[in-house]
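Subject: Structure handover

Hello,

Here is the structure for your files, with notes on what was found in it below. Please read them alongside the model.

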Protein chains: 2
Amino acid sequence: MVKTTKLAVVQFCPELGRKDANFSCMRRLTDDIDADIIVFPELCTTGYFFLSRDEVSEVAEPVSGESGSFFSEIAREHQAVVVAGFAEKDGDRVYNACLIVVPEERRPRVYRKTHLFYREKQCFDQGDTGFFVVSDRWRDVRIGPMICYDWRFPEATRILTLLGADIIVCPSDLVTDIWRRVLPGRAIENKIYIAVANRIGAETRDDEKLLFTGQSAIYDFDGNEMHSAGPENEIVLEVEISPELTRNKSFNSFNDMLGDRQPQHYKLLL
Amino acid sequence: MVKTTKLAVVQFCPELGRKDANFSCMRRLTDDIDADIIVFPELCTTGYFFLSRDEVSEVAEPVSGESGSFFSEIAREHQAVVVAGFAEKDGDRVYNACLIVVPEERRPRVYRKTHLFYREKQCFDQGDTGFFVVSDRWRDVRIGPMICYDWRFPEATRILTLLGADIIVCPSDLVTDIWRRVLPGRAIENKIYIAVANRIGAETRDDEKLLFTGQSAIYDFDGNEMHSAGPENEIVLEVEISPELTRNKSFNSFNDMLGDRQPQHYKLLL
C-alpha cells in the first residue's frame, strides 16, 4: 500500500495592510478542511504591492510575530504542515519569505525568496537562505519551498529535487500565467509534485495596477494537473498525493533521471 | 528590419547499417530546399539500434570520413549550416556525436552526446566535449547543439542559453513523446528557439523493437510550436526564424531572465 498525504492549496484575495481581515479569511477557508499540508499564497497576511522598504518595514514581523503565531496555530489545530508567505523582519532587514511550520517541531523554518520580481527589488532584501527541503518524518513527506518568481528558474526546482523534495510548494502572487506552460514540464523532468498557491484580486498603487491571476494548481509527478482553480474564485484545492512514488528516478534498467546527470559538464551554471 | 534565417528540419527513416541508402534519401529530401540551417536526426547515416561497441566500431568514422564529407558537401551546396548526427570514431573511442558544419569554415565542429540513453551505454563512450555554441557570423546566428536524451536535462538548454545560443538544435532518435510536454517550457524559460529533428520507423534487434516517434518540431522563443511533423511521415519542416529577437532577456525595467539568476545559491547543481 502506498501511503497518501492530503494536500490543500488556498487561493484567496489578501487585502493590502489588513492583517486581521486576512487572518479571518484564511481561518474561515481552512476551518473545515482535512489536510496534512496546507499552502497559502505569497505575502498573504500583508498583501503584495509595496513601493518602498519603509512601507514593508511597517508591516514586516519576526518569525515570532503575529503571522508566525497565526500559522503555528493553524498547523497545530490541523496537525498539518503549513506553508505561507509573509513579510519577515530580521533586525533592519526585510524579506519576502515563507514559513514552513511542522506542528511537531518547536521552530518554523523560513525560506527567503531567492529571485525578486519587479518592485520587490526596491522593497526587500535579497533572500539569503538558499534552497532547502523540510523532511517531515511524521507525515513522511519532503517539502521543497520556493516563492512565486522563483518558478522562472529551472535551477530552483532542480536543486530542491536533488535535495530530495517529493513536492515543491510555491506560495505565489503571480501576475502572468506563463508559468502554467512551464511547471508541468518541471514536474516531469524532476518527477516531483508541484503545488502553486496563487492569490486573486488586484492592487493599485500610484496608478499602477497589478492583477493577480489565480489559477492555483497542483501537478502530479507526471506533469498532469490534478486540480486547479479559476482566475478569480476563493477556493481551497484538496488532493491526495503519494510522496514516496516520486523517489525512484530510474525509468529503465540503464537510465535514472538524476543518476544520469553529468555535473562535470555543468560548471557554467555557476 | 529584423533579419530572418531559414531553418530546415529533416525527418526520415534511416536504415540500419546502410549508409549509401541513407545518403541518397537525405540528398533527395534536401535537394530542392532553400535553407540557411539544415538539421538531420541522430545517427542518421548509420541507423540507431546497435548492441555493442564492436558493432558501432565497424561503422563509426572520423570527422573526415564519408559522413563528414557528405554533410560538408550538403553545407557547401546550400551555403547552409548543417547539423547532423553520426557515429564518430576517434582512435579506439566511439561517440554518439553530431557535426556542425559551417560552410565558410575549414573544419566542422563535433559535439559528443553528454547524456547516453539505454543501450547506448553499452555501445558508446561518454561524450567529452561538453556543451558549446557555434557562432555563425555569416548568417548571424548562434547555434547550440544537443542530442536526443540531452533534452531531459534542463541543465543542457540552460548552459547553451548562457553561452549565447539563439537556437537549440537537437538531432534525435526519440522513442517517447514526453519531450513534447517539456521543450516548449524550455524555450520559454530560456527565450530561445528549439528545433528537434527526430527520426521515424522502427528497428528490431534480438526481439527488442524500438519504435521512433517522429513528430519533429520547431518551437519559437515563446514556446509556440511553429511547425511539426507527423509520427510516421518523411518530411522537411521549413520555417523562418529571427535569431536576434532571442537576445534581449529582460522583460520589464527590473527583471532579466538570465541577469536575475543567483548562481551563489546554485552550487548544489554541481
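Contact here means heavy atoms within 4.5 Å. By that criterion, 48 residues of chain A are in contact with 48 residues of chain B. The model is a predicted one: local features need pLDDT of at least 70, side-chain atom pairs count only at pLDDT 80 or more, and totals for chains, interfaces and linings use all residues. Residues are numbered from 1 along each chain as its sequence is written, chains are lettered from A and ligands numbered from 1 in the order in which they are written, and side-chain values use heavy atoms, with hydrogens and water left out.

Interface

Chains A and B bury about 4500 Å² between them, with 62% of it on carbon and sulfur atoms. Buried area is the accessible area (1.4 Å probe) that two parts lose on being put together, summed over both. On the chain A side, A:Phe254, A:Leu269 and A:Leu270 lose the most area to chain B, together 15% of what that side buries.

Helices (H or I, at least four residues) and strands (E, at least two) are DSSP runs, numbered from the N terminus. Two strands pair if DSSP finds at least two bridges between them. In chain A, 6 strands make an open sheet of mixed pairing, ordered β6-β7-β8-β9-β12-β13. At its edges stand β6 (134–136) and β13 (225–228), each with a single partner strand, so one side of each has no neighbour in the sheet. From one strand to the next the twist averages 20°; axes are lines fitted to C-alpha atoms, for helices over the stretch in contact, and angles run from 0 to 180 degrees between N-to-C directions. Strand β8(A) (residues 167–172) pairs with β9(A) in the parallel sense over 6 bridges, and A:Ile167 has A:Tyr193 as its bridge partner in β9(A). Helix α6(A) packs on this sheet, touching β9, β12 and β13 of chain A, and its direction makes about 25° with that of β12(A).

Helix α6(A) covers residues 179–190. Buried means under 20% relative accessible area, exposed over 50%, and partly exposed in between (1.4 Å probe, protein chains only). Because 10 of its 12 residues are buried, α6(A) is largely enclosed by the rest of the structure. These buried residues pack against α5 (154–162), β9 (193–198) and β12 (217–219) of chain A, and also against α5 (154–162) and α6 (183–190) of chain B. Just after the helix, A:Lys191 takes a positive phi of about 50°.

A:Thr157, in helix α5 of chain A, is buried at a relative accessible area of 0%. Not counting residues up to four places away in sequence, A:Thr157 touches A:Met146, A:Ile168, A:Arg186 and A:Asn190.

Strands β2(B) (residues 37–39) and β3(B) (residues 81–90) pair in the parallel sense over 3 bridges. Leaving aside neighbours within four places in sequence, B:Phe70 is in contact with B:Phe23, B:Met26 and B:Arg27.

Regards

Terms used:
The expected span of a helix is 1.5 Å times one less than its number of residues.
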